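Open your viewer and keep the selection tool handy. Here is a short tour, one stop at a time.

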Amino acid sequence: MELRDALTQISEIRHQLARTEVFRGYRAVPVAFSGVLALATAGFQAAWMRDPSADLGAYLTLWIGTAVVSALASGVEMVIRARNSASSYAREITWLAVEQFVPCLVAGGLVTFVLTRYAPEVVWVLPGIWQVLFSLGIFASCRLLPRATFGVAVFYLASGLACLALARGDAALSPWAMGLPFGVGQLLAAAVLYRTLECSDE
């Protein structure tokens with residue numbers, strides 16, 4: 001029993017240390033890629049999708065597909081770094097980072113389903129809602145990330161609220177209501193990661 005209690009206490013201590021450690025699994029290149037991809041997707045929508053409100057399925061496919069590709073780019077990098085690490089502690093902090101961010105993604109998916117299925121007349125709020133939820137994911141992860149990441153979360157919150165206030169009517173589902181916030185926000189996040197983590201590793 002004493003050995004079991006000691007192992008439990010060690011596990012709890014490791015978990016507490018993971019909460020105070022700066023997570024180095026997010027890298028600047030995949031995050032910057034997601035920002036460039038958001039801008040490219042906005043350009044594609046502007047050129048090829050004149051009325052997204054009339055073709056909501058194509059709009060959702062375009063932007064959800066972009067989000068999935070971006071998540072895979074960052075996720076694959078995280079998994080590779082965690083698996084190549086000899087430390088179980090590094091794997092533990094990776095899963096902790098994932099656990100803190102996943103709820104905002106799940107909430108975004110559920111809100112998207114409910115609005116498109118039961119209230120299609122208000123789907124114009126989706127870009128703003130997605131940005132607000134994304135900001136909450138970053139706020140939740142801030143304890144594991146560089147301090148400057150807090151500013152990225154504030155940017156997404158402000159841009160989401162601005163979209164909810166302004167991106168309606170003729171501007172509803174505008175490509176730039178998604179492209180600019182996620183493009184600028186991800187490039188800003190990449191700059192923070194590079195300057196605060198990767199430069200110090202060199």
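Start with the largest pocket of this predicted model, which holds about 1300 Å³ of space. To find its middle, select Ala-67, Ala-71, Phe-101, Leu-105 and Phe-134: among the 43 lining residues, these are the closest to the centre.

Next, colour the helices around that space. Helix 2, helix 3 (56-84), helix 4 (88-118), helix 5 (126-141), helix 6 (149-166) and helix 7 each bring at least two residues to the lining. Which helix gives the most to the lining of the largest pocket? Helix 3 does, with 13 residues.

Now move to the surface. Select Val-36, Leu-39, Trp-176, Leu-180, Val-184 and Leu-187, and you will see a nonpolar patch whose accessible area together is about 490 Å². Helix 2 (28-48) and helix 7 (175-201) each supply at least two of the patch residues, and helix 7 has the largest share, with 4 residues.

Is Val-184 buried, exposed or partly exposed? Val-184 counts as partly exposed, because its relative accessibility is 41%, between the 20% and 50% cut-offs.

For the last stop, select the cysteines Cys-104 and Cys-163. Cys-104 is buried, with a relative accessible area of 10%, and Cys-163 is buried too, also at 10%.

Definitions and conventions:
Residues numbered from 1 in each chain as written. Predicted model: local features only at pLDDT ≥ 70, side-chain atom pairs only at ≥ 80, totals over all residues. Heavy atoms only, no water. Patch = residues over 30% accessible without salt bridge, like charges linked within 9 Å, V, L, I, M, F, W, Y side chains within 5 Å. Areas by Shrake-Rupley, 256 points an atom, 1.4 Å probe, with all protein chains shown as cover. Salt bridge = Lys/Arg side-chain N within 4 Å of Asp/Glu carboxyl O. Buried < 20%, exposed > 50% of the residue type's maximum accessible area, 1.4 Å probe, protein only. 1 Å grid on protein atoms, 1.4 Å probe; cavity = no way out; pocket = protein on both sides within 12 Å on 5 of 7 lines; lining within 4 Å. Points joined across faces, edges and corners; volume = space filled by probe spheres on them.
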